[in-house]
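Please read this briefing alongside the sequence and the coordinates.

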Amino acid sequence: MKFLPQKFRETQADWFGKQGISWHISVVVCKVQGNLQHQTLVHIVKNSPQESDTVIWIMEHVLATLKLEHPEISTAYFRQDNAGCYHSVALLCACPEISKHTSIHIKRVYFSDPQGGKGACDRKAATVKGHVRRYINEGHDVATTEGVKDAILSSWWDTWSTSSTGR
């Protein structure tokens, strides 16, 4: 996905000719002690094109992160959309190597049907975009990868602190 940089106040000249900031959302659903849990990981990619090499790195990072948090996880199934960077030979051939490095066996890679409706990542992306829009409306600029990170974390913290204090 691409995020177009935005400023709180921007001129018409600032609007045209923007380059997007690449970001990738992973939603992990796992069964821990008999309960289904989900976790969202957002990777904001700096100075890298959206191609299969980047996706391979992100897949490996997601599995390595999961293995650190949940050492009992041994198998993974990937469900991805039909973008070109996902259904490439390089990505499919990298799955055994990723499995070796992370000790999590990638059992299957699914590709969602283009007409199959929106998935979990699209729902999370809408929430994240809402947080970024709120951050911009508060008077901040989001024009760099660091700005996107700050926007996401500021809204996350507000949401978490509100729900944890019972307000």
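A nonpolar core is here a set of buried Ala, Val, Leu, Ile, Met, Phe, Trp, Tyr and Cys residues joined through side-chain atoms within 4.5 Å, where buried means under 20% relative accessible area. The model is a predicted one, and with that reading of the term, the largest nonpolar core of the model holds 22 residues, of which M59, V62, L63, L66, F78, I98 and I106 touch the most other members. The elements that give two or more residues to this core are β2, β3, α2 (52-69), β4 (75-80), α3 (89-102) and β5 (105-111), and α2 gives the most, with 7 residues.

**Overall make-up**

- The secondary structure of the chain comes to 5 helices and 5 strands, which run from the N terminus in the order β-α-β-β-α-β-α-β-α-α.
- Of the 167 residues in the chain, 34% are buried, and the accessible surface comes to about 10,900 Å², with 54% of that surface belonging to carbon and sulfur atoms.
- Among contacts between residues at least 6 apart in sequence, 60% join residues at least 24 apart.

**Nonpolar cores**

- In soluble globular proteins, nonpolar side chains tend to be buried together.
- F78, one of the residues that touch the most other members of the largest core, is in contact with M59, L63, I106, R108, V109 and Y110, when residues up to four places away in sequence are not counted.

**Helix α4**

- Helix α4 (residues 120-137) has 18 residues and reaches 26 Å from its first C-alpha to its last, which is close to the 26 Å expected at 1.5 Å a residue.
- The buried residues in α4 include A125, V128, H131, V132, Y135 and I136, and because these cover an arc of only 140 degrees around the axis, they are on the same side of the helix.
- An α-helix has 3.6 residues a turn, so residues three or four places apart point the same way.
- R123 and N137 are exposed on the other side of α4, and just after the helix G139 takes a positive phi of about 105 degrees.

- H24 lies in strand β2 (residues 21-32) and counts as buried because its relative accessible area is 13%, against a cut-off of under 20%.
- The side chains of H24 and S26 are joined by a polar contact of 3.5 Å, while H24 and V55, 31 residues apart in sequence, are 8.4 Å apart in space from C-alpha to C-alpha.
- H43 has its place in strand β3 (residues 35-45) and is likewise buried, with a relative accessible area of 8%.
- A polar contact of 2.9 Å joins the side chain of H43 to that of H61, and, residues up to four places away in sequence being left aside, H43 touches S22, W23, H24, W57, I58, H61 and V62.

**A loop residue with positive phi**

- Most residues other than glycine have a negative phi.
- S103, in the loop between α3 and β5, has a phi near 65 degrees, a positive value in a residue other than glycine.
- With a relative accessible area of 48%, S103 is partly exposed, because the exposed class begins only over 50% and the buried class lies under 20%.

Key:
Residues numbered from 1 in each chain as written. Predicted model: local features only at pLDDT ≥ 70, side-chain atom pairs only at ≥ 80, totals over all residues. Heavy atoms only, no water. Helix = DSSP H or I, 4+ residues; strand = E, 2+ residues; numbered from the N terminus. Buried < 20%, exposed > 50% of the residue type's maximum accessible area, 1.4 Å probe, protein only. Polar contact = N/O pair within 3.5 Å; in protein donor to acceptor, adjacent residues only side chain to side chain. Contact = heavy atoms within 4.5 Å. Expected span 1.5 Å × (residues − 1). Arc of directions from axis to C-beta. Areas by Shrake-Rupley, 256 points an atom, 1.4 Å probe, with all protein chains shown as cover.
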